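Colleague: Before I use this model, I would like to go through the labels attached to it. Please give the value behind each one.

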Amino acid sequence: MARFLALFVLLPAFALAVVNLKPYDQTAKRMLAKIDANGDKSLSRSEMEAIVGHADTNKDQKVTGAEFNVWVDKYLPAQKAVSQAVFKLFDTNGDNSLNKHDFDVFFNRMDANKNHSVSESEFVAYWVNIFKNLEAQG
Ligand SMILES: *[C@@H]1O[C@H](CO)[C@@H](O)[C@H](O)[C@H]1NC(C)=O
């Protein structure tokens, strides 16, 4: 509930930014292409965990909101409000930093059929839904 309210407060600022991410399926495919290290059009748990390593610039095994914004900016430039909203979605235990556990929980949410691999269609379906929800709440 607290997380939902936090998201709500951000909304006026990022309603427009979300629209800039259309078409959402293409944006989601581009996101996957950037993080899919071996190019097999699916996301493994180790590729997901590598994000922590890349975004964690001070190497303390945690990704802060500021570190996350810098990392997202490489992939979705000038989308700070979206980045902040997505950080809150990733921060599954609400401690204002992302660790391996948060990424595991998030991976499981995207992995709709729970076969330990997030396919392109699972990834796109998950993110299109997130973008639509953000837009609808705006
Ligand atoms: C996991 O499921 C997806 C979606 O059905 C499928 O495309 C993929 O090949 C499966 N991967 C593995 C490793 O089982």
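Modeller: The model is predicted. I will start with the ligand: the shell around the ligand divides into no nonpolar, 4 polar and no charged residues.

Colleague: Which residues are around the ligand, and what makes them polar?

Modeller: They are Asn113, Asn115, Ser117 and Ser119.

Colleague: How many helices and strands does the protein have, and in what pattern?

Modeller: There are 7 helices and 4 strands. Along the sequence the pattern reads α-α-β-α-β-α-α-β-α-β-α.

Colleague: Why is Phe106 called buried?

Modeller: Phe106 has 20 other C-beta atoms within 10 Å. The label buried requires 20 or more, so Phe106 is buried. Phe106 is in helix α6, residues 100-110.

Colleague: What does Phe106 touch beyond residues up to four places away in sequence?

Modeller: Phe106 touches Phe90 and Thr92.

Colleague: What makes Glu67 buried?

Modeller: Glu67 has 20 C-beta neighbours inside 10 Å. The cut-off for buried is 20 or more, so Glu67 counts as buried. Glu67 is found in helix α4, residues 65-75.

Colleague: Which residues is Glu67 in contact with, leaving aside neighbours within four places in sequence?

Modeller: Glu67 is in contact with Ala55, Asp56 and Thr57. Glu67 and Leu98, 31 residues apart in sequence, are 9.9 Å apart from C-alpha to C-alpha.

Colleague: Why does Ala37 count as partly exposed?

Modeller: Ala37 has 13 C-beta neighbours inside 10 Å. Exposed requires 12 or fewer and buried 20 or more; a count of 13 falls in between, so Ala37 is partly exposed. Ala37 lies in the loop between α2 and β1 (42-44).

Colleague: How do you know that Ala37 and Glu47 are in contact?

Modeller: A contact requires C-beta atoms within 7 Å, and Ala37 is in contact with Glu47 and Ala50, its neighbours within four places in sequence being left aside. From C-alpha to C-alpha, Ala37 and Glu47 are 6.5 Å apart in space, and in sequence they are 10 residues apart.

Colleague: What makes the peptide bond from Lys22 to Pro23 cis?

Modeller: Omega for that bond is near -5°, and the bond is cis. Most peptide bonds are trans. Pro23 lies in the loop between α1 (2-19) and α2 (24-35).

Colleague: Where does UniProt list "domain: EF-hand"?

Modeller: The unreviewed UniProt entry lists residues 23-58 and 78-113. In the model, residues 23-58 are 64% helix and 8% strand, with end C-alpha atoms 34 Å apart. Residues 78-113 are 61% helix and 6% strand, and there the end C-alpha atoms are 33 Å apart.

Colleague: What share of the protein's residues count as buried?

Modeller: Of the 138 residues, 19% count as buried. Among contacts between residues at least 6 apart in sequence, 63% join residues at least 24 apart.

Colleague: Which elements have the lowest and the highest mean pLDDT?

Modeller: The lowest is α1, at 52, and the highest is β4, at 97. Over residues 5-13 the pLDDT is below 50, and beyond near neighbours in sequence this stretch has 10 contacts in the model. Where pLDDT is low, the predicted coordinates should not be read in detail. For the protein, the mean pLDDT is 84, and 85% of residues reach 70 or more.

Key: Residues numbered from 1 in each chain as written. Predicted model: local features only at pLDDT ≥ 70, side-chain atom pairs only at ≥ 80, totals over all residues. Near = placed C-beta within 6 Å. Nonpolar A, V, L, I, M, F, W, Y, C, P; charged D, E, K, R; others polar. Helix = DSSP H or I, 4+ residues; strand = E, 2+ residues; numbered from the N terminus. Contact = placed C-beta atoms within 7 Å. UniProt positions renumbered as here; feature names shortened; annotations may be inferred. pLDDT = per-residue confidence, 0-100.
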